[in-house]
Structure formats: structure tokens, C-alpha cells
Amino acid sequence: MTYKLLIVDDEQPNLRLLQRLFASDYECFIASSAPAAIRVLEQHDVAIIITDQRMPGMSGIELLKATAQLRPHMVRILLTGYTDVEALVEAINCGLVYMYFTKPWNNDDLKLKVTRARDHYDSNKKRSALTMANDRLSQKLQGFTLKLVKSLVEMARSRHEDDYNHALRVCKHASAIARKLEASEDEINELATAALLHDLNRSQASITVPHCAAVESSAQQTHAECELRLLESIPELANVADMIRMQRENFDGSGDPIGLGGDQIPLGSRIIRIADEYDLMLRPKDSAPMLHDEAMRFLSQQSGRLFDPKVVDALSQLSPDIDDPNSKNLEAEMILADLNGVTAASQVHPARS
């Protein structure tokens with residue numbers, strides 16, 4: 001492989017000298033000005049540029065700044081015949097200059113350093129290729145993860161529309177509480193996803209049902225457990241799975257499945273627990289609904305035993321119209337839009353076998 005080397009200097013003797021010095025080892029291009037150098041860089045994938053600093057119109061450092069995005073992997077060497085410490089320090093700190101030489105230079109030393117610059121160029125290219133491969137893999141994993149979540153959400157909707165609508169409301173309530181607690185956007189996104197899927201860990205063992213219904217209930221629990229274990233097997237969904245798994249823990253340590261208490265319970269689990277209970281009290285299936293104030297009185301009575309006091313307090317500070325069915329459910333809408341977007345993209349660009 002022959003590497004491309006661009007030499008930029010407004011003094012013709014220097015151009016000819018450097019061209020002769022490197023012509024046997026590199027494909028050399030020369031330019032007597034910064035604009036001419038830019039035209040070369042627009043047409044050729046140059047590996048190394050050696051540019052004089054003091055040139056009319058545009059200095060060497062200005063040239064390197066102007067072309068940093070055009071050829072990001074190119075290794076940049078600056079030649080200077082005078083001391084400009086401040087400009088050199090800035091260029092080096094910004095990563096614009098790999099090394100610099102003062103005039104007059106030593107030919108053998110310059111050739112050795114350019115050889116090292118060539119090796120550095122190879123390292124840059126390999127690192128960039130690895131980064132791009134990792135990015136592509138990350139995008140594929142993210143797409144797979146989102147499609148899995150979408151499938152689980154659609155399965156929940158197909159099983160029971162009311163439970164699906166309940167999950168949407170829990171997502172809205174939980175996200176509002178998390179914002180009140182000043183959680184980060186990433187934390188809120190994970191929490192919203194866990195809230196949409198929180199029914200994967202809903203226990204039905206305490207419900208008294210006829211034998212056939214009990215068999216069906218047991219089968220549903222088995223399916224839910226399998227789905228939850230599937231979430232746990234994916235690193236990108238580990239936090240989501242933990243929030244779902246631990247949402248039945250009590251703040252005083254008397255809950256299930258482990259008996260965690262206080263801050264040992266993931267904050268997302270503590271938020272989902274209250275958001276879930278709150279929505280079930282305002283929109284119960286088999287009893288009269290409570291008003292917001294009535295629900296808050298019950299939650300406050302259990303604060304410190306079943307529920308995290310600071311989460312109860314955050315919910316109490318929210319407006320009672322949090323349960324207004326006409327209010328926007330932004331987090332759920334954004335997640336569902338992301339999920340639908342991934343599905344649409346996969347249909348437009350199907351995976352190749």
C-alpha cells in the first residue's frame with residue numbers, strides 16, 4: 001500500500017526538497033497555498049500532511065482547522081520557522097497537530113517521524129473502523145431490544161385491553177413522580193419502559209377462582225415469568241427487569257420476592273409500586289373508585305411500611321388532574337413511537353440473511 005502525502009509550503013525550494021525526500025516512499029502531492037491544499041484534500045484520501053505555518057492568506061494551523069472534518073484520520077505535521085508557542089499549544093491541545101518541526105529540519109529525523117506518523121495513521125483507521133463496527137452492533141442491539149419490548153407490549157394488549165390501558169396510566173404516573181424527584185431523562189426512559197411492562201410481575205396467587213380459571217391464571221403467570229426472565233437475560237434491559245421484579249417489595253422489608261427494604265429496593269420499583277396502587281384505587285375493576293385525596297390518605301397511612309415516604313410525598317405534590325384521561329401521556333407516547341419507528345424501519349430495511 002502506498003500512502004498519500006501532501007506537502008504545503010509557499011516557498012518552492014522547500015516544496016521541491018520535501019518532494020524529493022519522500023517521493024520514493026509515498027505518493028506525494030504538493031500545494032503552494034492553503035486553498036490549493038484544500039482542493040487536493042477534497043479529491044484524495046491523504047494519510048499525512050506536512051504544512052508550513054507561515055503562509056500568506058491562511059496559516060498552517062488555520063488550514064489544519066479548516067480540514068479537520070474533511071480528513072479526520074489524516075496525521076498532521078507542522079513546519080515552522082519561528083516560535084509561535086501559543087498557537088502551537090492550542091493546536092496540539094485541540095488534537096490538530098501530531099507533531100511539529102522547526103526550520104531548518106534534519107532530513108533523517110523528519111523521515112523517521114513521518115514513518116511514525118504513517119503508523120499512527122494506520123492506528124487511527126483501525127480504531128475508527130472498530131468504533132464504527134461497535135456503533136453498528138450497538139444499533140442492532142438497540143433495535144432488537146426495542147422490538148422485543150414492542151412485542152411484549154403488544155402481547156399484553158392482546159391479552160387484555162384494560163390491563164394495557166392501566167399500564168399506560170401507570171407509565172404516566174410513574175414518569176411524573178420521577179420528574180418530581182428530579183430523575184435524569186435516561187432514568188425516566190427506563191422507568192417508563194418498566195412501567196409499561198410492570199404487569200409481568202403481577203401476582204395472581206391470592207385470587208380465589210374456580211379450578212379452570214385457576215389453571216388459566218397459573219398459565220398466565222408462567223408466561224409472565226418467562227417474559228420477565230427474557231428481559232433479565234438482556235443486559236440493556238437489566239435495570240428494567242430489576243424494577244419489575246422488585247416492585248412488590250415493601251419499604252419496611254416485609255415484601256416479596258427477597259424482602260429488601262428502604263433504599264435496597266430500586267427507586268424505579270418504589271415508584272412503580274405507588275403509581276400502580278394509585279391507579280388501581282382511582283380506577284378499580286370491582287369497587288367504587290376513590291378520589292385523589294382519598295387515595296393519598298391511604299398511601300400516606302402506609303408510608304414507611306409499604307411505600308417509600310419520599311415517593312408518596314412526590315405524588316402528593318402533583319396536581320390531582322394527573323389522572324385526567326384527556327391529559328397527555330408523553331412518556332408512553334414517546335416509547336410507543338420509538339417502538340413503532342423501529343418496526344417501520346425494519347420493514348423498510350429488512351435484515352439480510
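**Questions about terms and values**

User: Where is Glu182 found?

Analyst: Glu182 sits in the loop between α6 and α7; helices (H or I, at least four residues) and strands (E, at least two) are DSSP runs, numbered from the N terminus. Residues are numbered from 1 along each chain as its sequence is written, and this is a predicted model in which local features need pLDDT of at least 70, side-chain atom pairs count only at pLDDT 80 or more, and totals for chains, interfaces and linings use all residues. Side-chain values use heavy atoms, leaving out hydrogens and water.

User: Why does Glu182 count as exposed?

Analyst: Buried means under 20% relative accessible area, exposed over 50%, and partly exposed in between (1.4 Å probe, protein chains only). Glu182 has 72% relative accessibility, so it counts as exposed. Glu182 also has a positive phi of about 65 degrees, although it is not a glycine. Most residues other than glycine have a negative phi.

User: What makes Thr80 buried?

Analyst: Its relative accessible area is 3%, so Thr80 is buried. Thr80 belongs to strand β4 and touches Asp52, Gln53, Tyr100, Phe101, Thr102 and Lys103, not counting residues up to four places away in sequence. Contact here means heavy atoms within 4.5 Å.

User: How do you know that strand β3 and strand β4 pair?

Analyst: Two strands pair if DSSP finds at least two bridges between them. Strand β3 (residues 48-52) and strand β4 (residues 75-80) have five bridges, in the parallel sense, so they meet that definition. One example is Ile50, whose bridge partner in β4 is Ile77.

User: Which order do the strands of the open sheet have, and why do β2 and β5 stand at the edges?

Analyst: The five strands run β2-β1-β3-β4-β5, with parallel pairing. β2 (27-31) and β5 (99-102) each have a single partner strand, so one side of each is left without a neighbour in the sheet.

User: What puts the buried residues of α3 on the same side?

Analyst: In helix α3 (residues 60-67), the buried residues are Gly60, Ile61, Leu63, Leu64 and Thr67. They cover an arc of only 160 degrees around the axis, so they lie on the same side of α3. The arc is that of the directions from the helix axis to the C-beta atoms.

User: Which peptide bond that joins Lys103 and Pro104 is found here, and what is its omega?

Analyst: The bond is cis, with omega about -5 degrees. Pro104 lies in the loop between β5 and α5. Another cis peptide bond joins Asp256 and Pro257, with omega about 5 degrees.
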